Amino acid sequence: MIRATLPIQAPLPAIANDHNRLRLFSGSANVPLSTEVARYLGLDLGPMVRKRFADGELYVQIQESIRGCDVYLIQPSCRPVNDNLMELLIMIDACRRASARQITAVIPYYGYARADRKTAGRESITAKLVANLITQAGASRILAMDLHSAQIQGYFDIPFDHVYGLPVILDYLTSKNLSDIVVVSPDVGGVARARAFAKKLNDAPLAIIDKRRQAHNVAEVLNVIGDVKDKTAVLVDDMIDTGGTICEGGRLLREHGARQVYACATHAVFSPPAIERLSHGIFEEVIVTNTIPFSEEHIFPQLTVLSVANLLGETIWRIHEDTSVSSMFR
C-alpha cells in the first residue's frame with residue numbers, strides 16, 4: 001500500500017517566479033520520487049541524456065543551458081550502488097563544467113554510510129571516501145535524509161542539510177490512534193533516534209533491544225531493556241537491509257508479551273531475504289518511505305510506503321530561498 005502523506009500543492013509563488021534560476025534534474029535511481037518532488041515545486045525535471053557505452057561506462061549530458069543556475073540533482077545511492085553513485089558524480093561534473101552557479105546533490109539515501117569509522121585494522125572508511133568523491137566532483141551543497149550516522153555530516157567541508165523521514169512516519173502512526181505505545185530501539189546505537197521519536201509520540205516510554213552483531217548483516221538478539229508487555233511496540237530504525245535485526249527484535253518483543261509490533265524505517269533497502277522475513281506475520285505493519293524505489297517483488301501485504309517527496313520539495317524550496325530548514329522539524 002503506497003500513501004502520500006501530504007496533498008500535492010499548487011506551484012509555490014516564489015518558485016514559479018524564479019524558473020530561470022532553479023533547475024531540478026533526476027538521476028536514474030529513483031525517477032518516481034524526483035517526479036513527485038518536481039510536481040510539489042511546480043517545476044519540470046530538466047532534460048538530460050543518460051546512456052551506457054558497450055563496455056558499461058556511463059554518459060550524461062545536460063540538454064539545456066544551466067549557466068548561472070542553482071541546480072538540484074536528485075539521486076539516491078541505492079542498488080546498484082556503484083552505478084548510481086558514479087552517475088551522480090558524472091551529473092555533478094557535467095553541471096560544474098556547464099557553469100552552474102550552485103550544485104546541490106540531493107541524496108535521499110546515502111550509500112556506503114555503514115563504514116563510518118575504523119573498527120578493525122586495514123579497513124576503509126567508505127562514508128568519508130564517498131564524501132570526498134562528491135565534494136571533488138564539484139558539489140556545492142548536500143541534502144541528505146536520515147543518515148546512518150549523523151557524524152557523516154562532518155565528513156563534508158561544504159554546507160550539509162540533514163533532514164529526517166521519521167516525521168512522515170510519525171504523522172501516519174498518529175493518524176492510526178494506537179494505544180499503549182512503547183517505542184523500541186533495535187540496538188543501543190539507535191537510542192537517540194528512538195528517544196526523539198518517542199518524545200513526538202506524547203512522550204511514549206522507551207525500550208531498547210540488547211543486540212550483539214557477530215558479522216556484517218548477522219545479528220544476535222539477547223534481551224529487551226524496558227517494559228513491552230501488553231503494549232503496542234513500535235520498532236524504529238533508519239534502514240531495513242536484510243531484515244535480520246528488526247525481525248529478530250520483533251520476535252523477541254512478541255516473546256516478552258507485546259500485543260502488537262510495528263516496524264518503521266526510512267530506507268527500505270530490502271536485500272534478500274528481507275521480504276521473506278518481513279512477510280511472515282511478525283509485524284502488524286512494516287512502514288517505510290520511498291527514498292529507495294520499489295519493484296513488484298518488494299511488495300507484501302504488511303508493507304506501507306509513505307512518500308517523502310513533499311518533505312524534500314519543501315526543503316529544496318527553503319534552501320533556494322535561504323530560509324530555515326531546521327524549523328520544519330521543531
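1. Basis of the values. Because the model is predicted, local features need pLDDT of at least 70 and side-chain atom pairs count only at pLDDT 80 or more, whereas totals for chains, interfaces and linings use all residues. Residues are numbered from 1 along each chain as its sequence is written, and side-chain values use heavy atoms, with hydrogens and water left out.

2. Five strands form an open sheet in the order 2-5-6-7-8, with parallel pairing; strands here are DSSP runs of E with at least two residues, helices are runs of H or I with at least four, and both are numbered from the N terminus. Two strands are taken to pair if DSSP finds at least two bridges between them. The edges are formed by strand 2 (22-26) and strand 8 (160-163), each of which pairs on one side only. On average, neighbouring strands of this sheet are turned by 15° against each other, direction ignored, where axes are lines fitted to C-alpha atoms (for helices, over the stretch in contact) and angles run from 0 to 180 degrees between N-to-C directions.

3. Strands 5 and 6, and the helix across them. Strand 5 (residues 70-74) runs parallel to strand 6 (residues 102-107) and is joined to it by five bridges, with Asp 70 standing opposite Gln 102. Helix 3 (residues 81-97) lies across strand 2, strand 5 and strand 6, and runs at about 165° to strand 6.

4. Helix 3 against helix 4. Helix 3 contributes Leu 85, Leu 88, Leu 89, Ile 92, Asp 93 and Arg 96 to the contact, and helix 4 contributes Val 130, Leu 133, Ile 134 and Ala 137; contact means heavy atoms within 4.5 Å.

5. Helix 2 against helix 9. Helix 2 (residues 31-41) packs on helix 9 (residues 309-320) at an angle of about 55°, with the axes 8 Å apart, so helix 2 is oblique to helix 9. Among the residues that meet here are Leu 33, Val 37 and Tyr 40 of helix 2, and Leu 312, Ile 316 and Trp 317 of helix 9.

6. Ile 66. This residue lies in the loop between strand 4 (58-62) and strand 5, and with a relative accessible area of 1% Ile 66 is buried (buried is under 20% relative accessible area, exposed over 50%, and partly exposed in between, with a 1.4 Å probe and protein chains only). Leaving aside residues up to four places away in sequence, Ile 66 touches Arg 23, Phe 25, Val 71, Cys 95, Ala 98, Ser 99 and Ala 100. The C-alpha atoms of Ile 66 and Arg 101 are separated by 8.2 Å, although the two residues are 35 apart along the chain.

7. Cysteines. The count of disulfides is zero, a disulfide being a pair of cysteine sulfur atoms within 2.5 Å. For Cys 69, the nearest cysteine sulfur is that of Cys 95, 9.8 Å away, and Cys 69 is buried at 3% relative accessibility. The sulfur of Cys 78 also has Cys 95 as its closest cysteine, but at 19 Å, too far for a bond; Cys 78 is buried at 2%.

8. Strand 9. Five of the five residues of strand 9 (residues 181-185) are buried, with Ile 181, Val 183 and Ser 185 on one side and Val 182 and Val 184 on the other. Strand 9 pairs in the parallel sense with strand 12 (residues 232-240) over four bridges, and Thr 232 is the bridge partner of Ile 181.

9. Backbone geometry to inspect. The peptide bond joining Arg 79 and Pro 80 is cis, with omega about -5°, and Pro 80 lies in the loop between strand 5 and helix 3. The bond from Pro 272 to Pro 273 is also cis, with omega near 5°. Tyr 112, which is not a glycine, has a positive phi near 60° and counts as partly exposed at 37% relative accessibility. Asp 146 likewise has a positive phi, of about 45°, but counts as buried at 5%.

How values were computed
Parallel < 35°, antiparallel > 145°, perpendicular 65-115°, else oblique.
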